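These notebook entries record what I looked up in one structure. I began with the helices and strands and then turned to the contacts between them.

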Amino acid sequence: MSDIAANDPAADLPPAQAGAAAWYGPDLARQGSRWVVELDPAEIAEVDAAARRLAAAGADIAAMEREDFPLPRLAPRLAGVLAEVLDGRGFAVLRGLPVDRWTMREAATAFFGIGTHLGRARSQNARGHVLGHVRDLGLRSDDPSVRIYQTSERQTYHTDSCDVVALLCLRTARAGGLSTLVSSSTIFNEMRRRRPDLLRLLMQPIATDRRGEVPAGGKPFFLIPVFSWHQGHLTAIYQRQYVDSAQRFADAPRLTPAHVDALDLFDALANDPALNLHMEFRPGDVQLVHNHTLLHDRTAFDDWPDPDRRRHLLRLWLACPGARPLPDVFADRYGSVAIGDRGGVVVPGMRLNAPLEAV
């Protein structure tokens, strides 16, 4: 062992991460909204025409393919945005979709159609929903069968089980509900610098609760490290509430006090204003987030009493061409690690569908 390695307590860990994905929120905030892509009138008209045509024909949204939703003008721009999401800062916002003049079917068709140019939609739950509705259903996350997006609670920083998550804002809450992002690469760097001993624990498999969505032959939890280093890529997967709730299963590996310290430090860094970035959604915004390099969160919100005004987002989980390789351990959650055909929730008897209301 060299003298440098002997004196470096992090010498056996992956290197500190550099590049556009290892950002600090205040630095990005000072740059202004460079991640916002304003759609021009011709691009909007192209989306509008395709969506109205398919919606009028009653097209099966879940069965739509890229060829069904031609975007000759916008598609090349979407390819550039996707490259920035996968290989750059990890997120972008498309702005300007005319959701105020669309029916729910038209909005869902437009959103899913744009998604076909970014990747393949994956099921987001055991009911096979490839189109998700992020809306408060009056539920509480202390119910182990409830997913946090079905409540008005703060979500806390987490990743979704896909390459890229896309959100279309239809309506905002009366107060709160801000979107917030943090770089998992930056969290890794800070833990590597401050507490490499705790970081090592997060590079070992940890149990995460499936919340009742169990694949054939699977356990009610999956085992994946918070941080994985594979073929030169640092990839994170994380949902603290579900890590904690997995401890209800007798055969889940136990969290030691040191594991809890490591998870607490991870959370403290994610919640540090020196690292994270907050942004407001506008109706018609589409946010794209790379789950492998970023974590996302949503602040708690106070909604409108009128059901027709309440906060409502549509969501896609996308498996993207050109995405990074993932280690085999991800197959326990993603079903496969094949690029372009991985991620989502797959359970016996599931049929893919795109509901037009939150259920």
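The entries below go element by element.

**Entry 1: basis.** I worked from a predicted model, in which local features need pLDDT of at least 70 and side-chain atom pairs count only at pLDDT 80 or more, while totals for chains, interfaces and linings use all residues. I numbered residues from 1 along each chain as its sequence is written, and side-chain values use heavy atoms, with hydrogens and water left out. I took helices (H or I, at least four residues) and strands (E, at least two) as DSSP runs, numbered from the N terminus.

**Entry 2: α3 and α5.** I looked up how helix α3 (residues 41–56) meets helix α5 (residues 104–116): the axes come within 8 Å and cross at roughly 120°. Axes here are lines fitted to C-alpha atoms, for helices over the stretch in contact, and angles run from 0 to 180 degrees between N-to-C directions. The two helices are therefore oblique to each other; angles under 35 degrees count as roughly parallel, over 145 as roughly antiparallel, 65 to 115 as roughly perpendicular and the rest as oblique. I noted the crossing as right-handed, that is, with the near helix turned clockwise from the far one by less than a right angle. V47, A51, R52, L54 and A55 of α3 make the contact with R105, E106, T109, A110 and I114 of α5, where contact means heavy atoms within 4.5 Å. I sorted these residues by class and found six nonpolar, one polar and three charged. Ala, Val, Leu, Ile, Met, Phe, Trp, Tyr, Cys and Pro count as nonpolar, Asp, Glu, Lys and Arg as charged, and the others, Gly among them, as polar.

**Entry 3: salt bridges.** I found 20 salt bridges in the structure, each a side-chain nitrogen of Lys or Arg within 4 Å of a carboxyl oxygen of Asp or Glu. In one of them, R77 meets E43 at 2.8 Å, N to O. R77 belongs to helix α4 (residues 75–87) and E43 to helix α3, so this pair ties together parts 34 residues apart in sequence.

**Entry 4: the sheet.** I traced an open sheet of three strands in the order β12-β7-β14, with antiparallel pairing; two strands pair if DSSP finds at least two bridges between them. β12 (277–279) and β14 (294–298) are at the edges with a single partner strand each, so one side of each has no neighbour in the sheet. The twist from one strand to the next averages 25°. Strand β7 (residues 179–183) pairs with β12 over three bridges, and L181 has L277 of β12 as its bridge partner.

**Entry 5: α6 and α9.** Helix α6 (residues 184–194) lies across β7 and β14, at about 45° to β7. I then followed α6 to helix α9 (residues 257–270), where the axes come within 10 Å and cross at roughly 125°. That angle makes α6 oblique to α9, and the crossing is right-handed. I187, E190, M191 and R194 of α6 meet A262, L265, F266, L269 and A270 of α9; by class, this contact has seven nonpolar, no polar and two charged residues.
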